[in-house]
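Dear colleague,

Please find below the structure that I am handing over to you. My findings on its side-chain contacts follow directly after it.

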Amino acid sequence: EQGRIGGRIHWLDLILLLMVLAVMARTIIFSWPRFDRREERKIRLEIVAFGVPVDLAESLAVGQWVKDQTSGEFLGQITKKELSPPRRERRGFGELNLPALRQQQDVLLILERFGRINEREGIFCGREVVRSGQERLFHTLYTEFVGRINRISVMNE
């Protein structure tokens, strides 16, 4: 009778108004920051690599940073390295030693870095969650190897 601007609201306008208000409320609620407690703590990762050739195991050194291949995130800096079985005779640079190429070692690497701990989701070293038991492709500046995250511990400092 008086149109859309007049004294009465048309039922279609009322439905559209409620839908717009619902979309606005949903957008505000989902864009609000989460209330999860997040902490930055020092994290220690233990990585085990089985059957690494001797030459590649020797190129892993304390102080190198280890990067996860799939996510591209640095998981930490090597602080300790253990080799098993004991080291074989070292060879000079450029010397060809065929039996040494066939020998393999198991390597245990201890990595440390600061990471984010989220109570609901887990431990983050960058954007991706890190969990024990994951097998990944890792690489340093010089070496690429397959390893398994054996243990994760949060340091109390």
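The notes below cover charged pairs first, then aromatic rings, and then a contact that involves both.

Please bear in mind throughout that this is a predicted model.

Salt bridges

The structure holds six salt bridges. One of them joins the side chains of Lys42 and Glu112, with an N to O distance of 3.4 Å. This pair links distant parts of the chain, since Lys42 belongs to strand β1 (residues 38–53) and Glu112 to strand β4 (residues 104–118), 70 residues apart. Glu112 has a relative accessible area of 15% and is therefore buried, the cut-off being under 20%. Lys42 and Glu112 also belong to a network of salt bridges, in which they are linked with Arg44.

A further salt bridge is formed by the side chains of Asp68 and Arg136, at 2.9 Å from N to O. Asp68 is located in strand β2 (residues 65–68) and Arg136 in strand β7 (residues 135–139), so this contact ties together parts of the chain that are 68 residues apart in sequence. Both Asp68 and Arg136 are buried.

Arg136 forms a salt bridge with Glu128 as well, and here the closest N and O atoms are 3.3 Å apart. Are these two residues buried or partly exposed? Arg136 is buried, with a relative accessible area of 9%, whereas Glu128 is partly exposed, with a value of 32%.

Aromatic pairs

A pair of aromatic rings is described by the distance of the centres and the angle of the planes. In this model the count comes to two aromatic pairs.

Trp65 and Phe74 form an edge-to-face pair, with 6.2 Å from centre to centre and 80° between the planes. The angle is over 60 degrees, which is why the pair counts as edge-to-face. Trp65 counts as partly exposed at 40% relative accessibility, and Phe74 likewise counts as partly exposed, at 41%.

The other pair consists of Phe138 and Phe145, whose centres are 5.8 Å apart and whose planes are at 35° to each other.

A charge over a ring

Finally, the charged end of Arg116 sits over the ring of Phe124, at a distance of 4.4 Å from the ring centre.

Yours sincerely

Notes. Residues numbered from 1 in each chain as written. Heavy atoms only, no water. Salt bridge = Lys/Arg side-chain N within 4 Å of Asp/Glu carboxyl O. Helix = DSSP H or I, 4+ residues; strand = E, 2+ residues; numbered from the N terminus. Buried < 20%, exposed > 50% of the residue type's maximum accessible area, 1.4 Å probe, protein only. Phe/Tyr/Trp six-rings, centres within 6.5 Å; stacked < 30°, edge-to-face > 60°. Lys NZ or Arg CZ within 6 Å of the ring centre and 35° of its normal.
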